[in-house]
Amino acid sequence: MSVSGCIFCRIIRGEVPAMKVFEDDHTLVFMDIAGDADGHMLAVPKAHVKNVLDCDVRTLHRLMDTVQRVSRHLTENCGYDGINLLNASDESAGQSVPHFHIHIIPRKANDGVDAWPALPGAADPLEETYARLRIPGASK
Ligand code: 5GP
Ligand code: ZN
């Protein structure tokens, strides 16, 4: 996906309209058009990176700063109690727009929103999976 053809880059450049919630030099938050939950927003870096796997740490920090700032705005000023943050990194994980984005879904107690995926159940014993996935020498 080229930067010129990327829908979120086009929103960032102002070529495609979006309902902007927050913007600074490095990040933008705008309403998701999915219409699936009230308040569903997307936080993106202005730099075109695909996802968490290719994102440099400075861009990642700036994005997470913005995510926290908007999340606090939603809970402190807009009547929400909590926040779901969702991200799909890579098509295999369900990423449909190849420009890094964090979904922000504001929540109220008993709002009926189910933002947690129904997972299929683990196929392998936990200990086996742990042995395969742990980073040797990286825990104390
Ligand atoms: P993903 O499936 O990659 O995690 O999420 C992509 C999100 O981008 C979807 O929730 C979708 O509704 C949203 N989206 C796709 N195109 C546009 C657009 O042109 N404008 C806005 N505001 N959101 C979009
Ligand atoms: Zn882009």
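This is a predicted model: local features need pLDDT of at least 70, side-chain atom pairs count only at pLDDT 80 or more; totals for chains, interfaces and linings use all residues.
## The big picture

Residues are numbered from 1 along each chain as its sequence is written, chains are lettered from A and ligands numbered from 1 in the order in which they are written, and side-chain values use heavy atoms, with hydrogens and water left out.

The protein has three helices and five strands, and reading along the sequence gives α-β-β-β-α-β-β-α. Helices (H or I, at least four residues) and strands (E, at least two) are DSSP runs, numbered from the N terminus. The C-alpha trace spans about 50 × 40 × 30 Å along its principal axes. Of the 140 residues, 34% are buried; that label means under 20% relative accessible area, while exposed is over 50% and partly exposed lies in between (1.4 Å probe, protein chains only).

## The sheet

The five strands make an open sheet, in the order E1-E2-E3-E5-E4, with antiparallel pairing. Strand E1 (20–23) and E4 are at the edges with a single partner strand each, so one side of each has no neighbour in the sheet. From one strand to the next, the twist averages 20°. Two strands count as paired if DSSP finds at least two bridges between them.

Now for the pairs. E1 and E2 are joined by a hairpin through three residues, and they pair in the antiparallel sense over three bridges. Phe22 stands opposite Val29 in E2. Strand E2 (residues 27–31) also pairs with E3, again antiparallel, over five bridges, and Phe30 has Leu42 in E3 as its bridge partner. Helix H2 packs on the sheet, touching E1, E2, E3, E4 and E5, and its direction makes about 15° with that of E5. For these angles, axes are lines fitted to C-alpha atoms (for helices, over the stretch in contact), and the angles run from 0 to 180 degrees between N-to-C directions.

Thr27 is found in strand E2. Is Thr27 buried or exposed? Thr27 is buried, with a relative accessible area of 1%.

Its side chain makes a polar contact with the side chain of Asp24 (2.7 Å) and another with the side chain of Thr66 (2.7 Å). A polar contact is a pair of N or O atoms within 3.5 Å; within protein, one must be able to donate a hydrogen and the other to accept it, and residues adjacent in sequence count only if both atoms are side-chain atoms. Leaving out residues up to four places away in sequence, Thr27 touches several others, including Phe22, Val44, Arg62 and Leu63.

His48 lies in the loop between strand E3 (41–45) and helix H2 (57–77), and His99 in the loop between strand E4 (82–86) and strand E5 (102–107), so the pair ties together parts that are 51 residues apart in sequence. His48 is partly exposed, with a relative accessible area of 25%, whereas His99 is buried at 0%.

Terms used: Contact means heavy atoms within 4.5 Å.
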